[in-house]
Amino acid sequence: MDLALRAAAELAGADGVVPGHELARRQDASYGFLVAVLGQLRASAIVRSVRGREGGFMLARPAGDISLADVIRAVDGPLALIVGDHPEQHSYAGHARTLQDVWFALRENERDVLEKVTLAHVASGDLPSEVRTSAERGRLEGIRVLRRR
């Protein structure tokens, strides 16, 4: 998922076709693994390949029309799976019974961010304000945790 997001963001910030070897170099990735990931993105109509001497990869549609959730679903499937299943497929007993609600809330929050942020946001560095605010809270919490160690 990480490489798919990085490659898609790199393509979003590019002007035109990017050769696969160049894309792998820019993201410090294995060319073979990158091509496999791009194949998954191509199958989901997120990227397209261009053959020939000037060939490579490019986004199949405008970066502003492709959410991060689209990219993740293309390579990993549905969001917020629990042990490979949807939260609806699990129920819990006793004191653990509310875990299913936690999984529903996690999926909803994950979706909220990933559906809202597009490749254009990432490539431009201009994230939606609520995502920037949430990221700053998360960054500050991470700093507090590191200082406690």
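These legends walk through several views of a predicted protein model.

**Figure 1. The whole protein and its order of elements.** Start with the big picture: the protein holds 7 helices and 2 strands. Reading from the N terminus, the elements follow the order α-α-α-β-β-α-α-α-α. The C-alpha trace spans about 65 × 35 × 30 Å along its principal axes. Of the contacts between residues at least 6 apart in sequence, 54% join residues at least 24 apart.

**Figure 2. Surface, interior and charge.** How much of the protein is buried? Buried residues account for 30% of its 149 residues. The accessible surface is about 9,300 Å², and carbon and sulfur atoms contribute 52% of that surface. As for charge, you can count 20 positive and 20 negative side chains, and the centres of these two sets are 3 Å apart.

**Figure 3. Helix α1 meets helix α3.** Here you can look at α1 (residues 2-12) and α3 (residues 31-43), whose axes come within 10 Å and cross at roughly 75 degrees. Angles from 65 to 115 degrees count as roughly perpendicular, so α1 is roughly perpendicular to α3. On the α1 side, the contact is made by Leu3, Ala4, Ala7 and Leu11. Their partners on α3 are Phe33, Leu34, Val37, Leu38 and Leu41.

**Figure 4. The buried residues of α1 and their cover.** Which residues of α1 are buried? They are Leu3, Ala4, Ala7, Ala8, Ala9 and Leu11. Their cover includes the helices α2, α3, α4 (68-76) and α6 (119-124). The strands β1 (47-50) and β2 (56-59) are also among the elements that cover them.

Figure 5. Find Asp15 in the loop between α1 and α2 (20-26). Is Asp15 buried or exposed? Its relative accessible area is 80%, and exposed means over 50%, so Asp15 is exposed. Now look for Met58: Asp15 and Met58 are 43 residues apart in sequence, yet their C-alpha atoms are 8.8 Å apart in space.

Figure 6. Move along to Gln27, which sits in the loop between α2 and α3. Leaving aside residues up to four places away in sequence, Gln27 touches Arg6 and Glu10.

Methods: Residues numbered from 1 in each chain as written. Predicted model: local features only at pLDDT ≥ 70, side-chain atom pairs only at ≥ 80, totals over all residues. Heavy atoms only, no water. Helix = DSSP H or I, 4+ residues; strand = E, 2+ residues; numbered from the N terminus. Buried < 20%, exposed > 50% of the residue type's maximum accessible area, 1.4 Å probe, protein only. Contact = heavy atoms within 4.5 Å. Areas by Shrake-Rupley, 256 points an atom, 1.4 Å probe, with all protein chains shown as cover. Lys, Arg positive; Asp, Glu negative; His and termini not counted. Charge placed at Lys NZ, Arg CZ, Asp CG, Glu CD. Axes fitted to C-alpha atoms, helices over the stretch in contact; angles between N-to-C directions. Parallel < 35°, antiparallel > 145°, perpendicular 65-115°, else oblique.
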